[in-house]
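Dear colleague,

Please find the structure that I am handing over to you below. My notes on it come after the display.

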Amino acid sequence: MTTTETGIVVTGVLGDDTRYARTPSEVAELVRALLTTPYAELRVGPEAHHLAIATTPGWGALTFTTADDHVDSHNPDAPPDAPLLPKDAAGTRHYPTTASLPLDQVSEAVAEYCLTAQRPACVLWQPA
């Protein structure tokens, strides 16, 4: 992932820990941390939207939320035994198995979001 320093701040909420990244190396470090946290949220810039990320070894799921849009990642080929991933920090709600993606696709989507601050186009989406 490459970014340029533009003054945009990437904010990651990992449980009770909030982290901020401004440089490409800080963003890369934050993304690595997000991908090893069971549930996290990511915000880029001052926009009123965010990307929620749930992971388990090898798998992940995403929710993209704006005032007008609320969608989950979609994997039409998700196996029926895909892991149960938390849809909230408390772990009281879970993603449908059709939201489960291989972790490399989640990583690609997170990197795209950090670059564009828009809903990642590299994954499919379904109504949340």
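This is a predicted model: local features need pLDDT of at least 70, side-chain atom pairs count only at pLDDT 80 or more; totals for chains, interfaces and linings use all residues.

Residues are numbered from 1 along each chain as its sequence is written, and side-chain values use heavy atoms, with hydrogens and water left out.

The chain as a whole

The protein chain holds two helices and eight strands; helices (H or I, at least four residues) and strands (E, at least two) are DSSP runs, numbered from the N terminus. Read from the N terminus, the order of the elements is β-β-α-β-β-β-β-β-α-β. The radius of gyration is 14 Å, close to the 14 Å that the globule rule gives for 128 residues, so the protein chain is as compact as a globular protein of that length. That radius is taken over C-alpha atoms, and the globule rule is 2.2 Å times the number of residues to the power 0.38. The C-alpha trace spans about 40 × 25 × 25 Å along its principal axes.

Of the 128 residues, 44% count as buried; buried means under 20% relative accessible area, exposed over 50%, and partly exposed in between (1.4 Å probe, protein chains only). The protein chain exposes about 6,600 Å², of which carbon and sulfur atoms supply 53%. These areas come from the Shrake-Rupley method with a 1.4 Å probe, and for residues only the protein chains shown count as cover. Among the contacts (heavy atoms within 4.5 Å) with a separation of 6 or more, 52% come from residues 24 or more positions apart.

Strand β1 and its partners

Strand β1 covers residues 10-14, and four of its five residues are buried, so the strand is largely enclosed by the rest of the structure. Two strands pair if DSSP finds at least two bridges between them. Strand β1 runs antiparallel to β2 (residues 17-21), and five bridges join them. Within this pair, V13 stands opposite T18, and T11 stands opposite Y20. On its pairing with β3 (residues 39-44), β1 is again antiparallel, over five bridges. Here the bridge partner of T11 is R43.

Strands β1 and β2 form a hairpin with two residues between them, and G15 in the turn has a positive phi of about 65°. D16 is placed in the loop between β1 and β2, and it counts as exposed at 87% relative accessibility.

Which residue has a positive phi although it is not a glycine? A117 does, with a value of about 60°. Most residues other than glycine have a negative phi. A117 is found in the loop between α2 (103-116) and β8 (124-127), and it counts as buried at 12% relative accessibility.

D104 lies in helix α2. Is D104 buried or exposed? D104 is exposed, with a relative accessible area of 55%. D104 and C122 are 18 residues apart in sequence, and their C-alpha atoms are 11 Å apart in space.

With kind regards
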